[in-house]
Amino acid sequence: MNDKAYFIITLLFGWCGAHKFIQKKYGMGLLYLVTFGLFGLGWAADCFRALLPVLRHKNGAPAASAQHDNIVDQLCLSLDPEFVSFVLPMIKAGLSWNRIEQAYRSSFPDSECEDLALRIQYVESYYSNSTEIASLKECGASKYRIISMPDHELCDICKRFKGRTFPVSSARIGYNCPPFHLGCRCTTVIEE
Ligand SMILES: [Zn+2]
């Protein structure tokens with residue numbers, strides 16, 4: 001299904017969870033159905049989220065757009081709110097990826113998530129990079145630099161960003177701030 005169709009379905013029928021059923025998230029779909037899209041709030045948030053990719057296409061994505069959309073798709077996929085709300089507290093508590101993976105598998109035994117470890121690592125990277133950027137903002141830093149792990153096998157996306165600096169004020173994860181994709185281990189440091 002394309003982004004536009006998905007947005008329209010979310011807008012028209014999101015209150016009864018249609019978009020959740022389409023994504024095969026039947027539990028959430030049912031919850032939306034009986035709570036009128038989480039009392040309208042979940043519905044509204046989902047409409048907004050579904051609208052973003054539509055606008056992005058309309059405004060004409062920049063060069064390497066296929067790759068870029070790929071990043072964004074992965075971002076949305078990996079940041080499934082249910083997954084994040086389960087995993088993030090454990091990441092904040094400093095649990096190892098292994099422990100988190102075990103906890104997830106025992107709580108969701110039916111989950112067929114093959115790249116679970118990567119997704120956990122992604123959420124952690126997302127969390128640590130966004131807190132890093134927030135603290136840079138707080139201490140008035142103007143720029144940050146993107147650093148790649150020495151052992152990090154660089155894909156084309158990360159190669160493009162390696163060593164580059166960006167203004168802290170324009171930092172956006174997945175666009176000019178890591179993680180750029182599942183498995184990305186790039187990180188950010190303050191640029192003096
Ligand atoms: Zn990377």
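## Helix 6 against helix 8

Helix 6 (residues 81-92) packs with helix 8 at an angle of about 70°, their axes lying 10 Å apart, where axes are lines fitted to C-alpha atoms, for helices over the stretch in contact, and angles run from 0 to 180 degrees between N-to-C directions. Helix 6 and helix 8 are therefore roughly perpendicular to each other, given that angles of 65 to 115 degrees count as roughly perpendicular, those under 35 as roughly parallel, those over 145 as roughly antiparallel and the rest as oblique. The crossing of helix 6 and helix 8 is right-handed; a crossing has that hand if the near helix is turned clockwise from the far one by less than a right angle, and is left-handed if anticlockwise.

From helix 6, Phe83, Val84, Val87, Leu88 and Ile91 meet Arg119, Ile120, Val123, Glu124 and Tyr127 of helix 8, a contact between two residues being counted if their C-beta atoms, placed from the backbone, lie within 7 Å. The residues of the contact of helix 6 with helix 8 divide into eight nonpolar, no polar and two charged; Ala, Val, Leu, Ile, Met, Phe, Trp, Tyr, Cys and Pro count as nonpolar, Asp, Glu, Lys and Arg as charged, and the others, Gly among them, as polar.

## Basis of the model and overall make-up

This is a predicted model, in which local features need pLDDT of at least 70 and side-chain atom pairs count only at pLDDT 80 or more, while totals for chains, interfaces and linings use all residues. Residues are numbered from 1 along each chain as its sequence is written.

The secondary structure of the chain comes to nine helices and three strands, with helices (H or I, at least four residues) and strands (E, at least two) taken as DSSP runs and numbered from the N terminus. Read from the N terminus, the elements run α-α-α-α-α-α-α-α-β-α-β-β. Of the 192 residues in the chain, 23% are buried, a residue being buried if 20 or more other C-beta atoms lie within 10 Å of its own, exposed if 12 or fewer, and partly exposed in between, with C-beta atoms placed from the backbone. Among contacts in the chain with a separation of 6 or more, 58% are between residues 24 or more positions apart.

## Helix 7 against helix 8

The axes of helix 7 (residues 97-107) and helix 8 (residues 116-138) come within 10 Å and cross at roughly 120°, which makes helix 7 oblique to helix 8. The crossing of helix 7 and helix 8 is right-handed. Here Trp97, Ile100, Glu101 and Tyr104 in helix 7 meet Leu116, Ala117, Ile120 and Gln121 in helix 8, and by class this contact has six nonpolar, one polar and one charged residues.

Three strands form an open sheet in the order 2-1-3, with antiparallel pairing; two strands pair if DSSP finds at least two bridges between them. Strand 2 and strand 3 stand at the edges, each with a single partner strand, so one side of each is left without a neighbour in the sheet. The twist averages 35° from one strand to the next, and helix 8 packs on the sheet, touching strand 1 and strand 3, with its direction making about 15° with that of strand 3.

Strand 1 (residues 143-147) is joined to strand 2 (residues 165-167) by three bridges, and arginine 145 stands opposite threonine 165 in strand 2. Four bridges join strand 1 to strand 3 (residues 187-190), where isoleucine 146 stands opposite threonine 188.

## Two partly exposed valines

Valine 189 lies in strand 3 and is partly exposed, with 13 other C-beta atoms within 10 Å. Leaving aside its neighbours within four places in sequence, valine 189 is in contact with Tyr144, Arg145 and Ile147. The C-alpha atoms of valine 189 and isoleucine 133, which are 56 residues apart along the chain, are separated by 8.8 Å.

Valine 54 lies in helix 4 (residues 41-58) and is also partly exposed, with 16 other C-beta atoms within 10 Å. Apart from neighbours within four places in sequence, valine 54 is in contact with Asp3, Lys4 and Phe7; the C-alpha atoms of valine 54 and phenylalanine 7, 47 residues apart along the chain, are separated by 7.7 Å.
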